[in-house]
Amino acid sequence: MSRRLITEVAGVIEAPVERVWPEIVRAIPRTELGEHRLAYQGGWWYRGEWSVTADPEGTRLVHRVYDVAGNHWAVALANRLFIGFRERTRRSFAEGLADLGNRLGCATRLA
């Protein structure tokens, strides 16, 4: 599978992986599930991957968005050259991170 990284965002949740991971699995639709890693492939170009790892402050959550279409120019045109895409992804991730922290009763921050 050809894929190109479009954007990556990360955050820290002040809770252990064992508490965070089940919440991630419940919250994110997925087409693949591995050990502390899941992926969702949707539409004709999009693949989102989420992973959690231990962090000195708790858990580090990373979200990556890939273009898997192969026709990178068509994907860019269909997404208005990705203008504002990174910022929207970061904002959405930050909102999800805060919601996760609320559900777990702990602090979170963007990395």
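This is a predicted model: local features need pLDDT of at least 70, side-chain atom pairs count only at pLDDT 80 or more; totals for chains, interfaces and linings use all residues.
A polar contact is a pair of N or O atoms within 3.5 Å, and within protein one of the two must be able to donate a hydrogen and the other to accept it.

Six strands form an open sheet in the order E2-E3-E4-E5-E1-E6, with antiparallel pairing. Strand E2, residues 32-34, and strand E6, residues 108-110, stand at the edges, and because each has a single partner strand, one side of each is left without a neighbour in the sheet. On average, neighbouring strands of this sheet are turned by 15 degrees against each other, if direction is ignored.

Helix H1, residues 17-27, lies across strands E1, E2, E3, E4 and E5, and runs at about 165 degrees to E4. Helix H3, residues 85-104, lies across E1, E5 and E6, running at about 30 degrees to E1.

Which residues of H1 are buried? They are Val-17, Val-20, Trp-21, Glu-23, Ile-24 and Val-25, and the buried residues of H1 pack against E1, E2, E3, E4, E5 and also H3.

That brings us to how the two helices meet. The axes of H1 and H3 come within 11 Å and cross at roughly 125 degrees, which makes H1 oblique to H3, and the crossing is right-handed. On the H1 side the contact is made by Arg-19, Val-20, Glu-23, Ile-24 and Ala-27, and on the H3 side by Leu-100, Arg-103 and Leu-104.

Finally, let us return to Glu-49, whose place is in strand E4. Is this residue buried or exposed? Its relative accessible area is 8%, and since buried means under 20%, Glu-49 counts as buried. The side chain of Glu-49 makes a polar contact with the side chain of Arg-3, at 2.5 Å, and another with the side chain of Arg-47, at 2.7 Å. If we leave aside residues up to four places away in sequence, Glu-49 touches Arg-3, Arg-37, Leu-38, Ala-39, Val-62, His-63, Arg-64 and Tyr-66.

Note on methods. Residues are numbered from 1 along each chain as its sequence is written. Side-chain values use heavy atoms; hydrogens and water are left out. Two strands pair if DSSP finds at least two bridges between them. Helices (H or I, at least four residues) and strands (E, at least two) are DSSP runs, numbered from the N terminus. Axes are lines fitted to C-alpha atoms, for helices over the stretch in contact, and angles run from 0 to 180 degrees between N-to-C directions. Contact means heavy atoms within 4.5 Å. Buried means under 20% relative accessible area, exposed over 50%, partly exposed in between (1.4 Å probe, protein chains only). Angles under 35 degrees count as roughly parallel, over 145 as roughly antiparallel, 65 to 115 as roughly perpendicular and the rest as oblique. A crossing is left-handed if the near helix is turned anticlockwise from the far one by less than a right angle, and right-handed if clockwise.
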